[in-house]
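Please keep the sequence and the model in view while reading.

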Amino acid sequence: MLLLLDIDGVMVPANSWRRPKILADGFTEFNIKAIAALNKVLSHTELEVVLTTSHKFKFTLNEWLNIFKTRNINLTKISRLPDNVKNLDRKGEILEWFNLDTSRDHFIILDDDKSLNALPEFLKSRLIQTSASVGFTDYLADEMLCLIEEKYLEFS
């Protein structure tokens, strides 16, 4: 199953009053609760992360794997949405990605972007939306696991 993953507002809470800590690899430190929540999901299901973050081309895919590993998240495979040459909002990027291959059945979206509320229902039903200032939580991890089970069974 694919996990379309944003970083800011999901793995790194967006708090304007606090400057995020940059680690030695040149990327921001992930929130410890978000790490635990993502690892909870990964311990129950195999996910391939598809980066949707605006930072997706800042590093190579191997560097991204190392970034996650440094933050105690072990992924075996990672990819990213195509380069956003049309300057689409996140909703537009995801719609374009989906329309490139509408046979994609097994995916979940984890993002804080409010534009995703305007996705068509068949895509919005796959959205786990975080609060940007809080990020990914244990509660949302449970919600995601239920959604994965529901969607997986739906397409089995």
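## Loop residues

Asn72 lies in the loop between H2 and E3, where helices (H or I, at least four residues) and strands (E, at least two) are DSSP runs numbered from the N terminus. The model is a predicted one, in which local features need pLDDT of at least 70 and side-chain atom pairs count only at pLDDT 80 or more, while totals for chains, interfaces and linings use all residues. Residues are numbered from 1 along each chain as its sequence is written, and side-chain values use heavy atoms, with hydrogens and water left out.

Although Asn72 is not a glycine, its phi is positive, at about 65°. Most residues other than glycine have a negative phi. Asn72 counts as exposed, with 59% relative accessibility; here buried means under 20% relative accessible area, exposed over 50%, and partly exposed in between (1.4 Å probe, protein chains only). Asn87, in the loop between E3 and H3, likewise is not a glycine and has a positive phi, of about 55°, and Asn87 is exposed at a relative accessible area of 68%.

The loop between H3 and E4 holds His106, which is partly exposed, with a relative accessible area of 27%. His106 and Leu2 are separated by 104 residues in sequence, yet their C-alpha atoms are 6.2 Å apart in space.

## The sheet

Five strands form an open sheet in the order E3-E2-E1-E4-E5, with parallel pairing; two strands are taken to pair if DSSP finds at least two bridges between them. Its edge strands, each pairing on one side only, are E3 (78–80) and E5 (127–129), and the twist from one strand to the next averages 25°.

Strand E1 (residues 2–5) runs parallel to strand E4 (residues 107–111) and is joined to it by four bridges, with Leu4 standing opposite Ile109 in E4. Helix H3 (residues 90–100) packs on the sheet, touching E1 and E4, and its direction makes about 165° with that of E4; contact means heavy atoms within 4.5 Å, and axes are lines fitted to C-alpha atoms, for helices over the stretch in contact, with angles from 0 to 180 degrees between N-to-C directions.

E1 also pairs with E2 in the parallel sense, again over four bridges, and Leu3 stands opposite Val49 in E2. From E2, Glu48 and Val50 point one way and Val49 and Leu51 the other way, and all are buried.

## Nonpolar cores

A nonpolar core is a set of buried Ala, Val, Leu, Ile, Met, Phe, Trp, Tyr and Cys residues joined through side-chain atoms within 4.5 Å. The largest has 34 residues, and those with the most contacts inside it are Met11, Phe30, Phe68 and Phe136. At least two residues of this core come from each of E1, helix H1 (32–44), strand E2 (48–51), helix H2 (61–70), E4 and helix H5 (138–155). Another core, of 13 residues, lies apart from it and includes Leu4, Ile94, Trp97 and Phe107.

Leaving aside neighbours within four places in sequence, the contacts of Phe136 include Val10, Lys33, Leu110, Thr130 and Met144.
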